[in-house]
Amino acid sequence: MEFDDKVPIYYQIEQYIDREIITGNLAPGDQVPAVRQLALTLTVNVNTIQRALAELIRQGILVSERGKGNFVTTDTMVIAKMKRRVIETELAKTYEHLAGLDMAPAEMVAALEAYIETREEGERHE
Amino acid sequence: MNEALTIQGLSYRRNQKQILKDVNLTLPDGQIVGLLGANAAGKTTLMRLIAGSAIHFRGTIAVAGETEVALRKSRVSFSTQLDGFDANWRVGQVADVMAMLFADFRSEDYIQLVSLLGLSQKQRIKRLSKGNQRKLGLAVTLARRAQLYLLDEPFDGIDVMTRKAMLNSILQWKPETATMVISDHHVEDIERLLDQVVVIKDQTVVAQEDADNIRAQGQSIETYFESFYGGETHD
Amino acid sequence: MTNMGKVTWQLVKERGHKLLQLLGLYLLVMMILVVVSLLGRLGASELFGIGVSFGMLTAIAGFLSLAVSQERVWVSNRWRLVPIANWKLYAASTLANVVATVLLWLLLGLIILALAMVKPVQIDWPIEAVPFALSFGCLFLVMLLLLGCLISLAHMLSLMITDFLPGMKEKWLKGLLTFGVVLVALKLVAWFFDGISWLFRVMGFSATAVDYSTGTALTAQISQVIIVDMWLAIAIFLVGSVCLSLVNCYLLRYWVETKQAQQTA
């Protein structure tokens, strides 16, 4: 997995797991791979993985069961809240980028709608 | 919890030159620490002093609480211990010799590491490419169950694929409570593995920082390291 | 911590391997000469003479090989990083050399004996000569031990000095230093022997007892006196070796570092 070397790695791992949950690769109640396994898969230090998991457990997104491992929470409210947060982060980034191009909020909305329409048309033609 | 490494007031001279001066460093258990510094800054010398290859120093060095040199050696696995091996030996023979000389050497681990790194038990050391020799050195170093691992520029002159295999070996084989110090003057090689960063400059330790704390300030480790050199480029 | 016995055993194995190669060479040469002799081209006593001299040559080569192996141990990371006290490493290496030397001499002796049996040769071996020969063997062994300690001392001192002085990049300067150390070492040896002669004179032994040339006609009485003198010398050499070894262990522990790889620091 590629990492941004200017952002704390534990944070990027949190984001990675959030995404896995959002996309459904990790369903509610699923067991998260063991710490060592994750470390190997992502080529990251074990301590960093543990730090990320600890934070996710603190946020309630993951639940730790003694002796069994870490599991995705079954609490759909928590997951929905997390999804909203992730989406908002993306929107914030896009907003910053477009604002940097000197676009007003109304322009942004219009441009996005137009873009989506063009895209869907293109997909219909394939 | 024992500290993996405690160095106090370490000074070392050689050939009438001051190589290290008043070094103080404490490393906790279970961490991967990057030892960064320009060429000839003293990284190798520091490792040699910790491991016991270099002896005439002032100050104290304690590994897992032990200062006595023979006990320190039993706690440290240093990547140069392949130096002096008969080049005619086969990869498999190395294990027998190491097991005889080091009580903490695990032959089963060595065999797995060697195969993970793509080496064959039957090859003779002298027939191995430089990259493969380095891999063998890494396998020997990691197959020992030590409390402190010292890897001196393990990726020097290594191609990308070999480096990936070596990084994976390190991640897979480092015991949880052991601390590993990896020196490199090419930071990008090891950046993402590091818990902590220690910078050596002007014969002493000028900085010791948590790696993710550095990144939390929006810097890459590389940029952080370069900031000590005021923008000069070092290869 | 590693067991000293294991270190010794590993050293004996490795050095023994090298010595076996030398021995193999000697055996090969001897076998060729035996064939030549059986073909009538070489007399029995000539064969024996060559066998003994080549045997001594092999023994000398063996000594050199062992000395080089020993000196390598002090400066290679492979041995110095073994978790064992420095003095134990020194003792293990020295012991391994002694054991390897004895084994080499035994094997050489056996080959020469076989040689004598294949082509019987006329030699007068009075029975008194056996304890004499054994004592002489021990004496020679201990002399080599002392010599080995001296070589280590010279080597370690030169290492200590070159590490201390500013970067000696000029090879000739290093050579000069080694030459100087060797001179000092030889002077020490000369003093040592002067000391022994003085000691013997004080204790009432004659000068001829110090000079151990072997006469062909040894009566039981004379040989007994000489054997006692020999063992005295053996004891003195042993003491000398122990003293030098103590110095060497000190240097090894506090001064002698391993070779560094090509890059600096």
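Biologist: How many salt bridges cross the interface of domain 1 of chain A and domain 2 of chain A?
Modeller: The rule finds 1 salt bridge there. Keep in mind that this is a predicted model.
Biologist: Okay, which residue does Glu90(A) form a salt bridge with?
Modeller: Its partner is Arg19(A), and the closest N and O atoms are 3.6 Å apart. Arg19(A), Glu90(A) and Lys93(A) are also linked in a network of salt bridges.
Biologist: How many residues does each domain put into the contact?
Modeller: Domain 1 of chain A gives 10 residues and domain 2 of chain A gives 7.
Biologist: And how much area do domain 1 and domain 2 of chain A bury between them?
Modeller: About 750 Å², with 73% of it on carbon and sulfur atoms. On the domain 1 side, Asp18(A), Arg19(A) and Ile22(A) supply 49% of the area buried against domain 2 of chain A, more than any other three residues.
Biologist: What about polar contacts across that interface, how many residue pairs?
Modeller: The rule finds 1 residue pair in polar contact there, both at pLDDT 80 or more.
Biologist: Which helix gives the most to the side of domain 1 that touches domain 2 in chain A?
Modeller: Helix α1 of chain A, residues 9-22, gives the most, with 4 residues. By type, the residues on that side of domain 1 divide into 5 nonpolar, 3 polar and 2 charged.
Biologist: Let's zoom out. How many salt bridges are there over all chains?
Modeller: The structure holds 17. Going back to the chain A pair, Glu90(A) lies in helix α4 (residues 76-100) and Arg19(A) in helix α1, so the pair ties together parts that are 71 residues apart in sequence.
Biologist: Remind me, why do such side chains pair up at all?
Modeller: Side chains of opposite charge can pair when their charged atoms come close.
Biologist: Good. Over to chain B: what does Glu153(B) form a salt bridge with?
Modeller: Glu153(B) pairs with Lys43(B), the closest N and O atoms being 3.6 Å apart. Glu153(B) sits in the loop between β6 (148-152) and α6 (160-173) of chain B, while Lys43(B) is in helix α1 (residues 43-51) of chain B, so parts 110 residues apart in sequence are tied together. Both Glu153(B) and Lys43(B) are buried.
Biologist: And which residue does Arg144(B) form a salt bridge with?
Modeller: That one is Asp104(B), where the closest N and O atoms are 2.8 Å apart. Arg144(B) lies in the loop between α5 (130-142) and β6 of chain B, and Asp104(B) in the loop between α3 (91-101) and α4 (107-116) of chain B, so the pair ties together parts that are 40 residues apart in sequence.
Biologist: Is Arg144(B) buried or exposed, and what about Asp104(B)?
Modeller: Arg144(B) counts as buried at 0% relative accessibility. Asp104(B) is buried as well, with a relative accessible area of 14%.
Biologist: Last one: which chains share the most contacts?
Modeller: Of the 2 pairs of chains in contact, that is chains B and C. Chain A and chain C do not touch, and their nearest C-alpha atoms are 28 Å apart.

How values were computed. Residues numbered from 1 in each chain as written. Chains lettered and ligands numbered in written order. Predicted model: local features only at pLDDT ≥ 70, side-chain atom pairs only at ≥ 80, totals over all residues. Heavy atoms only, no water. Contact = heavy atoms within 4.5 Å. Buried area = accessible area lost by both parts, 1.4 Å probe. Salt bridge = Lys/Arg side-chain N within 4 Å of Asp/Glu carboxyl O. Polar contact = N/O pair within 3.5 Å; in protein donor to acceptor, adjacent residues only side chain to side chain. Helix = DSSP H or I, 4+ residues; strand = E, 2+ residues; numbered from the N terminus. Nonpolar A, V, L, I, M, F, W, Y, C, P; charged D, E, K, R; others polar. Buried < 20%, exposed > 50% of the residue type's maximum accessible area, 1.4 Å probe, protein only.
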